[in-house]
Amino acid sequence: MTDTAPAIELKGISKAFGPVQANKDISIRVMPGTIHGIIGENGAGKSTLMSILYGFYAADAGEIWVKGQRTEIPDSQAAIRAGIGMVFQHFKLVQNFTVLENVILGAEDGGLLKPSLAKARGVLKQLAEEYELSVDPDTQVQHLSVGHQQRVEILKALYRQADILILDEPTGVLTPAEADHLFRILDNLRAEGKTIILITHKLREIMEITDTVSVMRRGEMTATVKTAETSPEELAELMVGRKVLLRVDKTPARPKAALLEIENLRHVDGQGVERLRGISLEVRAGEILGLAGVAGNGQSELLEVLGGYAEATGTVRVNGREVPLSGAGCDGMARRAAGIGHVPEDRQREGLIMAYTAWENTVFGYHRDPGIQSGALMNNAKIRAEAAKKMERFDVRPPDPALAARNFSGGNQQKIVLAREIERNPDVLLIGQPTRGVDIGAIEFIHQQIVALRDAGKAILLVSVELDEIFALSDRIAVMFDGRVMGTRDAAEADQRELGLLMAGITEDPGGDAFEAVEAAVEKKERREARHG
Amino acid sequence: MDKLPPWADAVLVPLISLLLAAALSALVILGIGENPVEAFRLMVEGALLRSAGWGYTLYYATNFIFTGLAVAVAFHARLFNIGGEGQAMIGGLGVAVICLYLPWPHWTLALVAASASAAVFGAAWAFIPAYLQARRGSHIVITTIMFNFIAAALLNYLLVNVMKPPGQQDPATAVFPASTHLPTFQDMFATEAMPLFRGSPGNVTFFLAIAACVLVWLLIWRTRLGYEIRALGHSESAARYAGISPVRTIVVAMLISGGLAGLMGVNTAMGEAERLTMNATEGAGFIGIAVALMGRNHPMGVFLAAILFGFLYQGGAELALWTNIPRELIVVIQALVILFTGALDNMVRAPLARLFAARRRAT
């Protein structure tokens with residue numbers, strides 16, 4: 001391999017944003033026909049590096065070499081010309097265009113669309129056969145499943161004749177089966193000689209598919225190793241800079257009486273779509289019930305309803321007492337008074353006011369408690385003093401209550417929310433995506449806090465799209481699909497394959513290849529949505 | 001974007017904007033063949049170097065403090081209340097009703113009642129746009145500006161057809177009874193030996209405006225309601241999560257905003273004209289937007305910006321009086337200040353931020 005030129009070679013790339021050094025003297029060689037993983041915590045500089053490679057930012061220093069040639073990449077057009085394609089974490093597709101229209105968008109051959117569309121149709125058909133990348137070219141993108149939308153993004157890059165593909169956190173939104181299929185596609189692409197750069201924070205994916213892996217920490221490339229010669233533990237240590245416990249230490253649950261009882265919960269959203277179709281669940285004192293499912297199957301709505309800011313019909317009892325699900329007395333503050341704490345899925349949009357200081361955020365939602373009033377005013381001195389203590393207990397860094405929430409890293413923002421909700425000692429804690437966008441070091445701490453709350457006899461409803469996290473924390477696992485609970489299993493007895501099928505809405509294991517069953521289910525759902533949409 | 005240090009944000013940006021506006025104004029004055037230095041001297045002398053000048057400056061500033069605070073409070077909930085003009089007109093109506101139709105033994109009692117009435121009238125005028133925004137999503141900018149026209153028409157109708165004494169020519173109410181007349185600065189501070197503030201309209205309402213600044217500061221940064229208003233302004237989704245009702249908070253914020261704008265009527269109707277006239281507001285409701293923008297929606301900033309605009313108003317009047325600079329040009333100068341301090345804020349801020357960032361990197 002030494003005599004072939006690397007597909008991509010970066011030499012001494014540096015980039016600073018103000019006082020923050022996002023990339024420090026980074027050099028990396030990506031060999032053609034390989035899958036090269038780049039792993040690192042949030043804020044380690046992975047995205048910045050890829051943005052430089054794709055022409056979004058200009059590096060302050062350093063050189064980019066593509067296929068043995070020094071290349072300037074001032075914009076994404078230049079990147080595409082150099083054969084580099086990028087699949088973003090958040091897809092850049094026009095929702096009401098068909099697959100075909102999206103593929104040719106920006107790569108039309110002339111003023112008239114018809115010849116371009118005809119050509120694209122042929123190319124797509126060929127690519128579909130070659131790489132198992134089949135998508136119906138005439139379906140509007142909005143009716144496609146997330147996994148298929150991602151395929152459209154890959155097809156777009158391939159249609160532009162990219163032979164170097166960058167994928168940024170591609171599995172975040174996929175079911176396990178869809179993720180497996182994606183890896184098969186990547187495998188096929190590699191076999192055809194394409195080069196793939198896979199950016200992820202999931203160690204399992206790195207171990208599963210990459211040939212080589214580079215680890216980034218705090219803007220620096222700390223190591224590049226052959227995947228076969230390393231282990232998840234070693235990579236985690238390289239990422240965080242210290243030894244990390246990858247598994248959650250916990251004893252078996254000793255559940256007691258049900259603290260949260262949900263019966264036949266139904267919720268219709270603003271567009272008139274029924275998002276919860278009769279959910280019944282119970283969460284007992286001293287257990288963690290994990291709610292698995294692909295994003296968008298009603299988990300968010302369930303949390304909103306339980307949190308008191310979406311209306312519903314049905315029955316919800318907290319500690320035996322029924323709470324109103326609509327009208328007066330159905331809001332976040334009333335729910336907190338009833339004993340529900342809530343760590344929302346999206347801490348930046350919901351859990352925190354990003355412009356507020358940390359101390360102001362530590363009473364958000366509890367700001368009407370009489371304990372923090374002095375006369376008509378809020379007792380800011382007391383709130384600040386208590387905030388400092390909470391931040392110390394939850395290891396928020398930097399421990400500065402006067403700093404605005406937006407100036408903390410994702411993990412520390414999450415710790416502020418956790419501190420606020422857990423310190424109020426709720427009977428029931430709702431917790432959505434507890435570690436989304438949180439670095440490994442903080443994940444360990446957050447998981448420990450959740451388990452500690454369970455051991456203190458609280459009922460915890462955990463929603464996560466990370467199946468690994470569900471498995472690591474839950475005592476029981478319920479799977480949601482399309483607004484329904486497909487089944488509940490004891491975590492000790494649950495198996496990945498069965499849960500994966502349930503997440504795609506398949507209750508009877510068809511045997512054989514799980515991909516095909518999932519694929520059939522997904523396509524059935526797409527057809528239904530295209531009809532109704 | 002790189003952030004500015006707080007002192008630069010609060011002091012340096014408005015100062016540079018102001019200097020730019022002054023420089024451009026000087027060019028304009030030069031362009032019509034007048035001497036800008038002389039013009040500036042006249043403005044300063046007329047507005048700031050004589051006590052009567054201060055009397056005028058602070059009278060105008062009082063109006064701008066009320067309307068500026070009104071815009072600022074609403075803006076903390078991310079509501080753009082540009083209906084201050086109409087709310088102030090209707091506030092004046094509230095003052096007139098109290099002063100004309102009820103007997104008052106002493107001005108202090110009349111002031112309390114008239115202030116309450118002005119605030120209630122102003123708030124009531126803001127309530128309809130607020131309700132439409134909160135419940136129906138009608139954009140508050142559109143509705144409040146339309147309510148300005150409705151307020152003007154309503155006031156016109158009432159003054160001409162209902163409140164005007166018989167035989168009077170101009171559309172205005174009768175003069176308020178003497179027991180409701182507010183003490184002016186002259187009444188309060190002038191002595192035989194020192195005839196201060198002679199003939200100027202500045203009056204005790206100025207102190208009411210200062211009190212309003214303090215109360216608004218307490219409201220926004222020290223009360224639960226202020227906490228909720230700001231939270232809603234920053235993130236409606238987070239407010240919902242916390243259990244803060246957007247509908248209730250929008251309505252309450254707009255009621256307070258309208259009430260503050262309405263209070264301006266105390267200054268114009270009761271403090272200065274001692275009757276309700278048609279054009280008492282003189283665009284102060286709109287100046288309030290510039291004042292709030294320049295004052296960063298902080299009561300202290302609003303106070304300082306209001307004094308500045310008071311100076312511009314009074315200085316402009318002096319210019320029109322003593323030079324050949326036409327009145328229209330003075331409006332141009334005021335507009336330039338608004339343009340630079342309000343609308344073009346980022347033009348100064350962005351390069352300044354880069355400058356500070358570069359300096360930080362260098363050290």
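**Note on a nonpolar patch and salt bridges**

1. B:Phe286 lies in helix H12 (residues 284-294) of chain B. Helices here are DSSP runs of H or I with at least four residues, strands are runs of E with at least two, and both are numbered from the N terminus. The model is predicted, so local features need pLDDT of at least 70 and side-chain atom pairs count only at pLDDT 80 or more, while totals for chains, interfaces and linings use all residues. Residues are numbered from 1 along each chain as its sequence is written, chains are lettered from A, and side-chain values use heavy atoms, with hydrogens and water left out.

2. B:Phe286 counts as partly exposed because its relative accessibility is 39%. Buried means under 20% relative accessible area, exposed means over 50%, and partly exposed is in between (1.4 Å probe, protein chains only). The areas come from the Shrake-Rupley method.

3. B:Phe286 belongs to a nonpolar surface patch of about 500 Å², together with B:Ile142, B:Ile145, B:Met146 and B:Phe149. Patch residues have over 30% relative accessible area and no salt bridge; nonpolar side chains (Val, Leu, Ile, Met, Phe, Trp, Tyr) are joined within 5 Å, and like charges within 9 Å. Helix H6 (residues 140-163) of chain B gives the most to this patch, with four residues.

4. Next, the charged pairs. A salt bridge is a side-chain nitrogen of Lys or Arg within 4 Å of a carboxyl oxygen of Asp or Glu. By this rule there are 41 salt bridges over all chains.

5. One of them joins A:Glu169 and A:Lys46, at 3.8 Å from N to O. A:Glu169 lies in the loop between strand E7 (164-168) and helix H6 (176-191) of chain A, and A:Lys46 in helix H1 (residues 46-53) of chain A, so the pair ties together parts that are 123 residues apart in sequence. Both A:Glu169 and A:Lys46 are buried.

6. A salt bridge of 3.1 Å (N to O) links A:Arg266 with A:Glu274. A:Arg266 is partly exposed, at 33% relative accessible area, and A:Glu274 is partly exposed at 28%.

7. A:Lys415 and A:Asp395 also form a salt bridge, at 3.8 Å from N to O. A:Lys415 is in helix H14 (residues 410-423) of chain A and A:Asp395 in the loop between helix H13 (380-393) and H14, so this pair ties together parts 20 residues apart in sequence. A:Lys415 is buried, with 5% relative accessibility, whereas A:Asp395 is partly exposed at 28%.

8. A network of salt bridges links A:Lys250, A:Arg454, A:Asp455 and A:Asp475.

Key:
Accessible areas come from the Shrake-Rupley method with a 1.4 Å probe; for residues, only the protein chains shown count as cover.
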